[in-house]
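Please find below a colleague's note, written to be read beside the model and its sequence. The points are grouped by element.

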Amino acid sequence: ATSGRQIFQPLHTLRNAEKELLPGFHQFEWQPALKNVSSSWDVGIIDGLSGWTTFVEDVPADTISRRFRYDVALVSALKDLEEDIMEGLRERGLDDSICTSGFTVVVKESCDGMGDVSEKHGNGPAVPEKAVRFSFTVMSISIRIEGEDDGITIFQEPKPNSELSCRPLCLMFVDESDHETLTAILGPVVAERKAMMESRLIISVGGLLRSFRFFFRGTGYDEKMVREMEGLEASGSTYVCTLCDSTRAEASQNMVLHSITRSHDENLERYEIWRKNPFSESADELRDRVKGVSAKPFMETLPTLDALHCDIGNATEFYKIFQDEIGEVYQRSNPSREERRRWRSTLDKQLRNKLKLKPVMRMNGNYARRLMTLEAVEVVCELVPSEERRQALQRLMELYVQMKPVWRSTCPSRDCPDQLCQYSYNSQQFADLLSTTFKYRYDGKITNYLHKTLAHVPEIVERDGSIGAWASEGNESGNKLFRRFRKMNARQSKTFELEDVLKHHWLYT
């Protein structure tokens, strides 16, 4: 790439082979036709604000967004998988001339805000420029034969968390906290998705017209985004969980026994109650009745646990426990800031010397993975004075290491069946340790992800078969690509920039 030959060309000079790969090339139709979505199929990159009648006050002028139409993008993704589909039918011994309908496609949706994406050159004030990316991954395709009950899976995404399988649908320069703008741009996406769920797609695959229906599962969101989309209070709320109604205090008393109760429809009902206050209750009573739902749920997400942020959240928590143990906090009440700072630098120094772990500003995935190991705990234990506390810390980490593969692996029943079976027992042991030996940290409080790790993992695995496969990692890796394409392969004009990035990113996948 450094030889000066440019591999990515601007849109208008693309070769036909590349045009075939981009959305808007293949003919298709929906039966019944999609509500409120144009029936033309040759639509490429559109303005993310299209479909919004703009008033001057309506949409901030500097909001720039580019996207594909959802159905057009899905068609392009399916045509990419055409060979895999035919191969899958052959492997299952199915006669492809009979299999023209009954296909089901399961799609994972991810959406993530990216912090600072401003250009890194020139001087002058740093402008905080934030972006949000919405993408989807085709997770599996199955077919139901007439007279059979179960579907037969003919395609399963082997690497559901790779940036290669994670296709960009919509890029926008918006701050993910700017709820109004975010919902304005994703509004049409939500409308298209809703329309597609009530209709069948007819496209030619392997030379025959076949019909597909789609299921969308919004699992690739971190907790902040889920709370925003589902109308829940922000993550510091007393309602600690996006899956159940527990409060933080309840969750720290009863760490393990909770079941998933929240759902998009219930959140919508609760929002209506919040809006109307039918029982004329006080603000506190009302808030307790709706369990912290105080905005209108905007997009349906599937209540799950985001494996990547779960790792990071728990590692942050362990890092704090390590500090507290170095300072023997269990023996004393509120130590000063200076003392805490001292323990922290002791811990950082030890980790750097023994494990080559550089201190990080914000915990990231790689640091979390290195910190949550038995060798890291050994190293920390060298700084812990009491033998008894050392054993407790080691036990804590042993249990954690046993539990982790269950929400990490793409298919736990295949990859770590034993850990899966023991999960509930292990999490119970873990919770007992926290509520006795480490009571000083968990008296009436517990972090969101720790609660989910202890209380909800087995139930989600039972429901979906996996947590890891549905996580947001592919989308997170895609963030790196966004930065790269923006720097290297995009025209330097606001109007064209996102268009180029979106196109390159799609071709990359």
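1. The model is a predicted one, in which local features need pLDDT of at least 70 and side-chain atom pairs count only at pLDDT 80 or more, whereas totals for chains, interfaces and linings use all residues. Residues are numbered from 1 along each chain as its sequence is written, and side-chain values use heavy atoms, with hydrogens and water left out.

2. Strand E3 covers residues 64-68, and five of its five residues are buried, where buried means under 20% relative accessible area, exposed over 50%, and partly exposed in between, with a 1.4 Å probe and protein chains only. Helices (H or I, at least four residues) and strands (E, at least two) are DSSP runs numbered from the N terminus. Both faces of E3 are covered, with Ile-64, Arg-66 and Phe-68 on one side, and Ser-65 and Arg-67 on the other.

3. Strand E3 has two pairings to follow in the model, two strands being taken to pair if DSSP finds at least two bridges between them. With strand E2 (residues 45-47), E3 pairs in the antiparallel sense over three bridges, and Arg-67 of E3 is the bridge partner of Ile-46. With strand E7 (residues 167-173), the pairing is again antiparallel, over four bridges, and here Leu-171 of E7 is the bridge partner of Arg-66.

4. Which side chain meets that of Arg-66 in a salt bridge? The partner is Glu-499, at 3.4 Å from N to O, a salt bridge being a side-chain nitrogen of Lys or Arg within 4 Å of a carboxyl oxygen of Asp or Glu. Because Arg-66 lies in strand E3 and Glu-499 in helix H19 (residues 494-508), the pair ties together parts that are 433 residues apart in sequence. Both Arg-66 and Glu-499 are buried.

5. Arg-275 and Glu-272 meet at 2.8 Å, N to O; both lie in helix H7 (residues 264-276), three residues apart, or about one turn of the helix. Glu-272 is partly exposed, at 25% relative accessible area. The side chains of Arg-463 and Asp-464 form a salt bridge at 2.7 Å, N to O; Arg-463 is partly exposed at 38% relative accessibility, whereas Asp-464 is buried at 15%. A network of salt bridges links Asp-245, Arg-262, Glu-266 and Arg-270.

6. Two packed helices are described by the angle between their axes and the distance between the axes. For helix H9 (residues 307-326) and helix H16 (residues 448-455), the axes come within 8 Å and cross at roughly 110°, which makes H9 roughly perpendicular to H16. Axes are lines fitted to C-alpha atoms, for helices over the stretch in contact, with angles from 0 to 180 degrees between N-to-C directions; under 35 degrees counts as roughly parallel, over 145 as roughly antiparallel, 65 to 115 as roughly perpendicular and the rest as oblique. The crossing of H9 and H16 is left-handed, meaning that the near helix is turned anticlockwise from the far one by less than a right angle, clockwise being right-handed.

7. An unreviewed UniProt entry places the feature "domain: V(D)J recombination-activating protein 1 ZnC2" at residues 239-301; over that span the chain is 43% helix and 0% strand, with end C-alpha atoms 18 Å apart. The "domain: V(D)J recombination-activating protein 1 ZnH2" feature is placed by UniProt (unreviewed entry) at residues 303-465, a span of 71% helix and 0% strand whose end C-alpha atoms lie 14 Å apart. UniProt positions are given in the numbering used here, feature names are shortened, and annotations may be inferred rather than shown by experiment.
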